Amino acid sequence: MSHLVKRITVPIALALALLAGPALAGCSVQNLVHDVTGGKVDVPGKSVPKDFPGEVPLSSGEVLSGAGVGDAKSKIWNVSVRAKGNTAIDEVLTTLTSAGFTCKTLTATTADGGALVGDKGKLNVAVVEIKDDKGFVLNYTVTRGDGK
């Protein structure tokens, strides 16, 4: 498994656990993440975290959730956006590549979605497109680090 995939897999699992776990347990994301991280959390709700890296272009659409976990040395951001079309993951690939990211798809794009990973310097990004009953959601997980 490549370093990029390893660097992205763990943050995606953490982000999914952070966002899905509280819904199942009946507690707030903010409280759970605060307890786990000792307060190094920014969960603005339906907006992009203030310190989200500007080098990562997000798809236009409604922001469904946004969160940042960690400190300046080991930060993980997670943002979910309601996609405006069914080819959003292809557009994300084009947008990230145009912004200087080296990207590759992890899965073939299907009628149910797709996934890609990319990096640019010390920024790593994973984007998963998932079909739901209202269309498609793009979930961005971004980490900063050299992967070592």
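Colleague: Which residue in β3 is the bridge partner of serine 65?
Modeller: That's serine 80. This is a predicted model, with residues numbered from 1 along each chain as its sequence is written. Local features need pLDDT of at least 70, side-chain atom pairs count only at pLDDT 80 or more, totals for chains, interfaces and linings use all residues, and side-chain values use heavy atoms, leaving out hydrogens and water.

Colleague: What makes β2 and β3 a pair?
Modeller: Two strands pair if DSSP finds at least two bridges between them. β2 and β3 (residues 76–82) have six, in the antiparallel sense, so they meet the definition. The strands themselves are DSSP runs (E, at least two residues), while helices are runs of H or I with at least four, all numbered from the N terminus. There are six residues between β2 and β3 in this hairpin, and glycine 70 in the turn has a positive phi of about 110 degrees.

Colleague: Why is serine 80 called buried?
Modeller: Buried means under 20% relative accessible area, exposed means over 50%, and partly exposed is in between (1.4 Å probe, protein chains only). Serine 80 has 7%, so it counts as buried.

Colleague: What makes the link from serine 80 to asparagine 139 a polar contact?
Modeller: The term needs a pair of N or O atoms within 3.5 Å; within protein, one must be able to donate a hydrogen and the other to accept it, and residues adjacent in sequence count only if both atoms are side-chain atoms. Here the two side chains come to 2.7 Å, so the distance is inside the cut-off.

Colleague: Why is the lysine 75 and aspartate 51 pair called a salt bridge?
Modeller: A salt bridge puts a side-chain nitrogen of Lys or Arg within 4 Å of a carboxyl oxygen of Asp or Glu. The closest N and O atoms of lysine 75 and aspartate 51 are 2.8 Å apart, so the pair qualifies. Lysine 75 is buried at 9% relative accessibility, whereas aspartate 51, at 34%, is partly exposed.

Colleague: How many salt bridges does that rule give?
Modeller: Two. Among them is the one between the side chains of arginine 82 and aspartate 132, at 2.9 Å from N to O. Arginine 82 belongs to β3 and aspartate 132 to β6, 50 residues apart. Arginine 82, at 15%, is buried, and aspartate 132, at 29%, is partly exposed.

Colleague: How do you know that the buried residues of α3 share a side?
Modeller: In α3 (residues 88–98) the buried ones are Ala88, Ile89, Val92 and Leu96. They span an arc of only 95 degrees around the axis, so they sit on the same side of α3. That arc is taken from the directions from the helix axis to the C-beta atoms. Exposed Thr94 and Ser98 are on the face turned away from the buried side.

Colleague: What do the buried residues of α3 pack against?
Modeller: β4 (102–105), β5 (113–120), β6 (123–132) and β7 (135–144). Alanine 115 lies in β5, and its 12% relative accessibility makes it buried. By contact (heavy atoms within 4.5 Å), alanine 115 touches residues including Ile89, Thr105 and Val127.

Notes:
Lists of a residue's contacts leave out its neighbours within four places in sequence.
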